[in-house]
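Please keep the sequence and the model in view while reading.

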Amino acid sequence: MLQALIEPLQYGFMQRSLVIAILVGLLCAVVGSYLMVQRLALLGDAISHSVLPGLAIAFMLGANIYIGAFIAGVLSTMVIAWIRTRSPIKEDAAMGIVFSAFFALGITLITVIQKDNKIDLNHFLFGNILGVTIDEVRDTAIIATVVLIVVFLLYKELLFYTFDPLGAQAAGLPVNRLNFGLMLLIALTIVASMKAVGVILVLSLLITPGATAYLLVKRLHKVMILGAVIGVISSISGMYLSYFYNLPSGPAIVLVVSGLFLLALLFSPKHGVLIPTVNQK
């Protein structure tokens, strides 16, 4: 058993991949907890799909593709907010419109790029964690550190805003800045996770660990901590499954975290579907 755990670590690509997996599992769970409790899962989906055109345009211009992806993600949130405030269209409909348009534009641009360049950009859709470089590990670590520090420093303000936005506004908190700041954190998290699981699967890592933890504990800081543990365990387990069974890494990670959610849904002491109602009370 010990030999099986140690064997993958002799390879440099597995060492880098595991570091990325741990960082992404931790980061997505912490930031995704806010999305989950605010019932804004669709927003995470919208931003994750909206980074594609920025990625493609940055590649065409020879710029840093991660910066391009981040700019596109932020721009998509601004467009959603603009549609919501300037028209009778509701926020969920605005999200659906924007992320569909941005995603379609991104796919189109990537297809055009691949006609003229023999390069595969499709790994940004589904992830390619085994191909991460030292520079990408460094960039992901920097993003994760910045995001986690901001969450720690603004925890009380974001907690108040998350559960009672009207009360936070009445108390004098800059709710618009907090909302925009949260969007920035989500965009940074998605950009950091692109190489690991891709823009299509990143929503699972953003939402599922927090949702699993929410079935087991209630307070937000406990949801974050337990969600982070679940995210890290799922990422590491998915990497080992990928190594030993020759599975795609991103989907393997998502399948593990989804399996843990199913277990919590069935056997949670308070909310488990298979737990007698008398015990849940």
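A crossing is called left-handed if the near helix is turned anticlockwise from the far one by less than a right angle, and right-handed if clockwise. Helices here are DSSP runs (H or I, at least four residues; strands are E, at least two), numbered from the N terminus. This is a predicted model, in which local features need pLDDT of at least 70 and side-chain atom pairs count only at pLDDT 80 or more, while totals for chains, interfaces and linings use all residues. Residues are numbered from 1 along each chain as its sequence is written, and side-chain values use heavy atoms, with hydrogens and water left out.

**A helix pair**

Helix 4 passes helix 10 in a right-handed crossing. Their axes, which are lines fitted to C-alpha atoms over the stretch in contact, come within 9 Å and cross at roughly 145 degrees, on a scale from 0 to 180 degrees between N-to-C directions. Where contact means heavy atoms within 4.5 Å, the residues of helix 4 that take part include Tyr-66, Phe-70 and Met-78, and those of helix 10 include Phe-180, Met-183 and Lys-195.

**The nonpolar core**

A nonpolar core is a set of buried Ala, Val, Leu, Ile, Met, Phe, Trp, Tyr and Cys residues joined through side-chain atoms within 4.5 Å. The largest one has 81 residues, and Leu-43, Ile-186 and Met-194 have the most contacts inside it. Helix 10 gives the most to this core, with 21 residues. Leaving aside residues up to four places away in sequence, Leu-43 touches Leu-35, Ile-80, Met-95 and Met-183.

**Annotated segments**

The unreviewed UniProt entry annotates residues 141-163 and 224-243, among others, as "transmembrane region"; such annotations may be inferred rather than shown by experiment.

**Two single residues**

Ile-110 is found in helix 5 (residues 91-116), and it counts as buried because its relative accessibility is 3%; buried means under 20% relative accessible area, exposed over 50% and partly exposed in between, with a 1.4 Å probe and protein chains only. Asn-246, by contrast, lies in the loop between helix 11 (220-245) and helix 12 (249-267), and counts as exposed at 71% relative accessibility. Asn-246 has a positive phi of about 55 degrees although it is not a glycine. Most residues other than glycine have a negative phi.
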